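Trainee: I'm new to this one and would like a close look at a single part. Could you walk me through the salt bridges, and then whatever sits around them?

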Amino acid sequence: MAARIHLDTHHHVGAVDRRIFGGFAEHLGRCIYEGIYDPTNKHGLIDANGFRTDVIAALKPLGMPIMRYPGGNFVSCYDWRDGVGSRDKRPVRRDFAWHSLESNQFGTDEFMQWCKLAETEPMMAVNLGTAGAEDAAALLEYCNLAPGSYWSDQRKANGHAAPYNVKLWCLGNEMDGPWQAGHVPAAEYGWRARAAGAMMKGLDSTIETIACGSSGYGMATYLAYDREVLEVAWDSVDYISAHRYSNNSAGDSAGYLAEGVEIDRVLADYAGMLAYVRGTKKSAKQVYVSFDEWNVWYHSHAGPQDNKEWKFAPHILEDWYNLEDALVCAQYLNAFIRRADIVKIACIAQIVNVIAPIMTRPDGLVLQTIYYPMMLFSKYVTAGSISLSVGLESPTYAAGKRGTAPALDVSATFDPADGVVTVFCVNRDAAGAITTTIDLADREIAGVAATHELAGSDLKAGNTFDAPNRVTPTAGKAVVDGGRAQITVAATGFAVVRLSTKAR
Ligand code: AHR
């Protein structure tokens with residue numbers, strides 16, 4: 001089979017915001033406790049703070065510029081004050097969201113410290129479920145203001161005189177969801193978000209805020225919730241949050257592998273909704289998309305869930321991923337790059353132990369299949385890269401419940417600083433490799449700077465503690481000949497090629 005990709009560096013969608021390679025750490029299951037903070041670890045895997053050093057080391061190649069915290073559903077009934085100050089005075093609470101016990105031994109200051117070590121920037125969420133604007137503004141003051149008032153002085157008293165200067169603030173979480181503590185209709189939430197955002201920006205005008213949109217395509221209020229919220233809060237927020245989790249519960253791999261078709265559709269829906277609200281408001285401002293929860297999530301639904309009793313750090317949402325999941329994750333990132341014009345932020349949910357690319361046990365960790373697409377994208381979409389419009393001629397394949405779909409899913413970037421074009425391709429079809437020619441209209445392709453693939457015939461293959469390297473990237477197949485590049489994208493595989501180019 002053959003395909004062709006037509007590129008021209010003058011034809012682009014816009015700059016890729018590297019914040020699309022963000023992560024998310026929630027007080028949920030073993031993400032914070034054991035994953036990030038494991039003070040009783042007996043295997044020499046923690047630093048003086050009790051932070052897992054192997055987890056920090058494994059996160060670094062993912063180059064995550066931002067980290068969303070502390071939830072998720074958790075944030076909607078979280079009192080951030082419980083998590084600051086002397087540890088021996090912090091209360092144990094029952095967390096409504098995940099039916100777990102929360103020790104509060106890890107809180108805002110520990111998270112800020114951890115972010116520094118993990119080389120990422122905090123993206124904080126405030127509770128707009130059971131709390132409101134006043135509490136959100138108090139947290140903002142605690143984090144961002146110079147000493148001289150009550151909460152900033154508390155931070156100083158807790159040993160952190162310098163403000164943390166957190167730039168990104170999520171105004172609640174999934175407030176459209178009936179499962180959410182404090183769930184309310186769109187207009188009501190819109191006013192909450194508007195009030196909280198206004199107070200927070202009043203204290204620190206340099207921050208950016210993210211309003212909750214609909215929590216997924218499957219919701220009856222999909223897009224309508226987003227539109228109503230933005231009709232109230234458009235002028236006071238910068239982003240609308242979108243979430244999506246993919247699954248192959250139906251056991252239809254061919255259909256599942258066409259997941260990118262639906263992700264594209266969701267992004268097109270958001271682009272239309274944003275244009276509509278902007279148009280009706282006759283606004284000069286643009287609100288962008290923060291896709292701050294995305295991933296595959298379903299394996300653990302069938303597995304044992306360890307939260308029947310109230311427990312600290314229960315084993316919940318511990319999905320073990322396989323190759324097909326990695327190919328779906330690659331399609332999320334392709335889709336975000338293709339819509340670089342509206343998607344400025346995205347966070348894989350989550351980073352460790354809970355629906356995550358990294359799984360720990362006391363004596364070590366495993367890098368799951370989904371780790372590798374994230375690693376390759378983040379490494380090669382360098383700061384300053386632009387997303388190229390992709391002219392794609394692809395064969396189609398029978399995509400199960402999704403009918404017929406293009407076999408290839410592609411995105412491409414160009415870094416004007418070094419002249420490198422990077423092409424990311426998923427071959428969704430199990431029928432065979434696709435020989436793919438890349439034409440670059442306006443520059444000469446000089447050579448292959450790097451190429452990798454993640455592929456295999458066993459879509460269910462995954463990495464485990466016993467076999468940690470079953471699914472890892474290998475060298476890709478790419479050549480440059482007669483000014484064109486040709487890559488072979490293996491059946492049910494993901495290929496990345498970096499092409500050095502020069503002006504003609
Ligand atoms: O990431 C797991 C959960 O999924 C989050 O807490 C919530 O926001 C979403 O429903």
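Mentor: Let's start with Arg 19, which pairs with Glu 208 in a salt bridge, their closest N and O atoms 3.3 Å apart. The term salt bridge means a side-chain nitrogen of Lys or Arg within 4 Å of a carboxyl oxygen of Asp or Glu. Arg 19 sits in the loop between β2 (12-15) and β3 (22-24), while Glu 208 belongs to strand β9 (residues 208-212), so this pair ties together parts 189 residues apart in sequence. Helices (H or I, at least four residues) and strands (E, at least two) are DSSP runs, numbered from the N terminus. Glu 208 is partly exposed, at a relative accessible area of 26%. For that scale, buried is under 20% relative accessible area, exposed is over 50%, and partly exposed is in between (1.4 Å probe, protein chains only).

Keep in mind that this is a predicted model: local features need pLDDT of at least 70, side-chain atom pairs count only at pLDDT 80 or more, and totals for chains, interfaces and linings use all residues. Residues are numbered from 1 along each chain as its sequence is written, and side-chain values use heavy atoms, with hydrogens and water left out.

Next, look at Asp 38 and Arg 52, whose side chains form a salt bridge at 3.1 Å, N to O. Both residues lie in the loop between β3 and α1 (53-59), 14 residues apart. Asp 38 and Arg 52 are both buried.

Then there's Arg 81 with Asp 135, another salt bridge, where the closest N and O atoms are 3.3 Å apart. Arg 81 is in the loop between β4 (66-69) and β5 (93-95) and Asp 135 is in helix α3 (residues 133-144), so the bridge ties together parts 54 residues apart in sequence. Arg 81 is partly exposed, with a relative accessible area of 27%, and Asp 135 is partly exposed too, at 24%.

Now for the surroundings. The largest nonpolar core has 151 residues, and Trp 114 and Tyr 189 touch the most other members. Such a core is a set of buried Ala, Val, Leu, Ile, Met, Phe, Trp, Tyr and Cys residues joined through side-chain atoms within 4.5 Å. Helix α10 (residues 323-338) gives this core its largest share, 11 residues. As for α10 itself, 16 of its 16 residues are buried.
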